[in-house]
Amino acid sequence: MATLAGRLTPEPRSGAPGPAVRARALSRGYGGRVVLDRLDLDVAPGEFVALLGRSGSGKSTLLRALARLDDDTPGSGDLDVPGRRAVVFQDARLLPWARVLDNVVLGLPGAGARARGAAALDEVGLGGRERAWPGELSGGEQQRVALARSLVRDPALLLADEPFGALDALTRLRMHALLRELCARHRPAVVLVTHDVDEAVALADRVLVVDEGRIVLDRPAGTDAAALRADLLGALGVEAPHHPVPVPTRPGGTP
Ligand SMILES: Nc1ncnc2c1ncn2[C@@H]1O[C@H](COP(=O)(O)OP(=O)(O)OP(=O)(O)O)[C@@H](O)[C@H]1O
């Protein structure tokens, strides 16, 4: 609900504290080619998991499966995602003909939707821009709107596919700080697909490396960042650490 302070008050989570994601032997493929290969994944409520992997390793396919956006993709396995989901993509995917607040509350039921939307915009630093058109906003501001659109739905699971990949380095750092703040406040479980090792280490509680549709490395973050970085680079097949570290493409793949 929106408070007098104009901020979104996180709804208390109801029900038993089961996992936010439970996947078992999850497989997906395209045209007979296996892309997710009997993958197991658990994500605890409120846990922030980053997914790294070479291009084509299956990260987005996994994210789409968790978002249940892959009904047309052949596959098998058990997937349980009990709570509300929200998805943020690399491009904000705002409707250009709808004002910012209308984008945030589109499809949201209830009389208080607009107040909640305005509070969410305030929370992402866009208070006062409710009537702007998406085309009047910078790329970073558009991603803030996308975050507000997710936030206002109070998701138990936030799925983000390279949400900051198209932003300049400084804007990306600002968005990291914002995402950390929003997550600390609202405590959704998060699965973030990224190509940026440093982003994964900076944001996540746990970092996974996916290769050929399987999880080949699963490490907690937060203690020894240098050791984690070295492990991740090893699993990604990067020999010399650079800063920032791009994930290599597979042979013949696109960056
Ligand atoms: N709709 C589709 N039809 C056919 N093949 C697909 C489709 N979507 C993905 N693929 C293939 O599945 C494989 C995994 O794709 P996916 O997008 O999951 O990889 P990714 O790890 O997210 O890659 P990137 O980091 O480049 O985004 C790739 O080889 C890709 O070409």
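User: What makes the crossing of H4 and H5 right-handed?

Analyst: In this predicted model, the crossing of H4 and H5 is right-handed, because a crossing takes that name if the near helix is turned clockwise from the far one by less than a right angle.

User: Why is H4 called roughly parallel to H5?

Analyst: Helix H4 (residues 139-151) and helix H5 (residues 169-186) pack at an angle of about 15 degrees, and their axes are 11 Å apart. Angles under 35 degrees count as roughly parallel, and therefore H4 is roughly parallel to H5.

User: Which residues make the contact between H4 and H5, and how is this contact divided by class?

Analyst: H4 contributes Gly 140, Gln 143, Leu 147 and Leu 151, while H5 contributes Thr 171, Arg 174, Met 175, Leu 182 and His 186. By class, the contact of H4 with H5 has 4 nonpolar, 4 polar and 1 charged residues.

User: How do you know that H1 is largely enclosed by the rest of the structure?

Analyst: A residue counts as buried if 20 or more other C-beta atoms lie within 10 Å of its own. In H1, 7 of the 9 residues are buried, so the helix is largely enclosed by the rest of the structure. The buried residues of H1 are Lys 59, Ser 60, Thr 61, Leu 62, Leu 63, Ala 65 and Leu 66. For the protein as a whole, 38% of the 255 residues count as buried.

User: What does H1 contribute to the shell around the ligand?

Analyst: Helix H1 (residues 59-67) supplies the largest share of that shell, 3 residues. The ligand is surrounded by Tyr 30, Val 35, Gly 53, Ser 55, Gly 56, Ser 57, Gly 58, Lys 59, Ser 60 and Thr 61.

User: How do the residues of the shell around the ligand divide into nonpolar, polar and charged?

Analyst: The shell has 2 nonpolar, 7 polar and 1 charged residues. Gly belongs with the polar residues under the classification used.

User: What makes Val 21 count as buried?

Analyst: Val 21 has 23 C-beta neighbours inside 10 Å, and the threshold for a buried residue is 20 or more; Val 21 therefore counts as buried. Its place is in strand S1 (residues 21-30).

User: Which residues does Val 21 touch, not counting residues up to four places away in sequence?

Analyst: Val 21 touches Leu 41, Asp 42, Val 43, Leu 66, Val 81, Leu 157 and Ala 189. For the protein, residues 24 or more positions apart account for 70% of the contacts with a separation of 6 or more.

Methods. Residues are numbered from 1 along each chain as its sequence is written. This is a predicted model: local features need pLDDT of at least 70, side-chain atom pairs count only at pLDDT 80 or more; totals for chains, interfaces and linings use all residues. A residue is near a molecule or strand if its C-beta atom, placed from the backbone, lies within 6 Å of it. Helices (H or I, at least four residues) and strands (E, at least two) are DSSP runs, numbered from the N terminus. Axes are lines fitted to C-alpha atoms, for helices over the stretch in contact, and angles run from 0 to 180 degrees between N-to-C directions. Angles under 35 degrees count as roughly parallel, over 145 as roughly antiparallel, 65 to 115 as roughly perpendicular and the rest as oblique. Two residues are in contact if their C-beta atoms, placed from the backbone, lie within 7 Å. A residue is buried if 20 or more other C-beta atoms lie within 10 Å of its own, exposed if 12 or fewer, and partly exposed in between; C-beta atoms are placed from the backbone.
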